[in-house]
Amino acid sequence: MKRIALATCADLPTLSADDRPLVPALADRGVTAEAVVWDDPNVEWDSYDLVVVRSTWDYAPRHDEFLAWAETVPRLENPAHVLRWNTDKSYLRALEAASVPVIPTVWLDPARHFSKRAVHTRMPAFGDFVVKPVVSAGAKDTGRYIPVSAQSRAMAIKHTMDLLDSKRWVMIQPYVTSVDSAGETCLTFVDGVFQHAARKNALLTGPSRPTKGLGLYLEETMSAVAATPEQLEVAQRALAAAAADLGLDGPLLYARVDLVTGEDGPLVIELELTEPSLWMTYSGPVPTLTRFADAIAARV
Ligand SMILES: Nc1ncnc2c1ncn2[C@@H]1O[C@H](COP(=O)(O)OP(=O)(O)O)[C@@H](O)[C@H]1O
Ligand SMILES: [Mg+2]
């Protein structure tokens, strides 16, 4: 019997509800799957035939530790170098360079020691905007602001300065307003093959930085949705650009591409190659669970 670990976090020791059905599905395929907490010091990671990263949703404040852990795991999917690339949203620049449409972004380097005034001039004069760190998950430390309100601008500047002071790179983006009405579309891929899409409702109400009462992530409201051919094409181009930038020679076990709708069509908001919820319960007639369990079993 092959034995694999599904890596999770201490807050979810028995996996997320979305991933839990993987355990019996893998058992049906002759694979024993165990939920294992990634930062548990007593785990012998080399005793597993494969370790699949799943709900390691507490990694962002411990980014270096998480990547160091990933390097120590002999057989990890997605592999450590993919996690290193993907846990810093600077990869969006590589996608942009490959002509993949992404949300236009201003990047602020903490090493440049921007003054409040310099930060202020980098914020848009019109239209709501978003401030977020390049390393983040679950919309933590992500705020939405209104430029015409002096109070909101002051909050945005404070938010940005706080992130920069803690040596974090910052992203400033226009708030894509279609998210309020149409949400985000999350496209799930297994072994490079598109499976299904799900819709995620808007998370940021603003004008504020949603920090109070935040757990691991902001509560997400999902529903089933059909991806348009245009969305599928942009998602596939994003994955191809990622594969080229990473020098991959085969498809990733799992990937999720999150898209929003800009004035000229789909824009990539995020590529999730680290610990995406695949939203398997929203899949179509060939359940993504089946494909995912098959793909994991094939790699053991
Ligand atoms: N530019 C933007 N326009 C509209 N909504 C945004 C924008 N950036 C972030 N958001 C909202 O914040 C959430 C979290 O941002 P995201 O970039 O997906 O980072 P993460 O999921 O890693 O925290 C998104 O799901 C979306 O609701
Ligand atoms: Mg996201």
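How far is the sulfur of C186 from the closest cysteine sulfur? The distance is 19 Å, to C9, which is too far for a bond. This is a predicted model, in which local features need pLDDT of at least 70, side-chain atom pairs count only at pLDDT 80 or more, and totals for chains, interfaces and linings use all residues. Residues are numbered from 1 along each chain as its sequence is written, and side-chain values use heavy atoms, without hydrogens and water.

**Cysteines**
- The count of disulfides (pairs of cysteine sulfur atoms within 2.5 Å) is zero.
- C9 is in no disulfide.
- C9 is buried at 0% relative accessible area (buried means under 20%, with a 1.4 Å probe and protein chains only).
- C186 is also buried, at 1% relative accessibility.

**Largest pocket**
- Its volume is about 770 Å³.
- A pocket here is an open set of points on a 1 Å grid over the protein atoms alone, where a 1.4 Å probe fits, with protein on both sides within 12 Å along at least five of seven lines.
- The volume is the space filled by probe spheres set on the points, which are joined across faces, edges and corners.

**Lining of the largest pocket**
- Lining residues have an atom within 4 Å of a point.
- There are 41 of them, and G138, A139, K200, L203 and E220 are the closest to the pocket centre.
- Strands (DSSP E runs of at least two residues, numbered from the N terminus) β6 (129-133), β8 (170-174), β12 (254-262) and β13 (265-272) each give two or more residues.
- β13 gives the largest share, three residues.

Key
Chains lettered and ligands numbered in written order. Helix = DSSP H or I, 4+ residues; strand = E, 2+ residues; numbered from the N terminus. Buried < 20%, exposed > 50% of the residue type's maximum accessible area, 1.4 Å probe, protein only.
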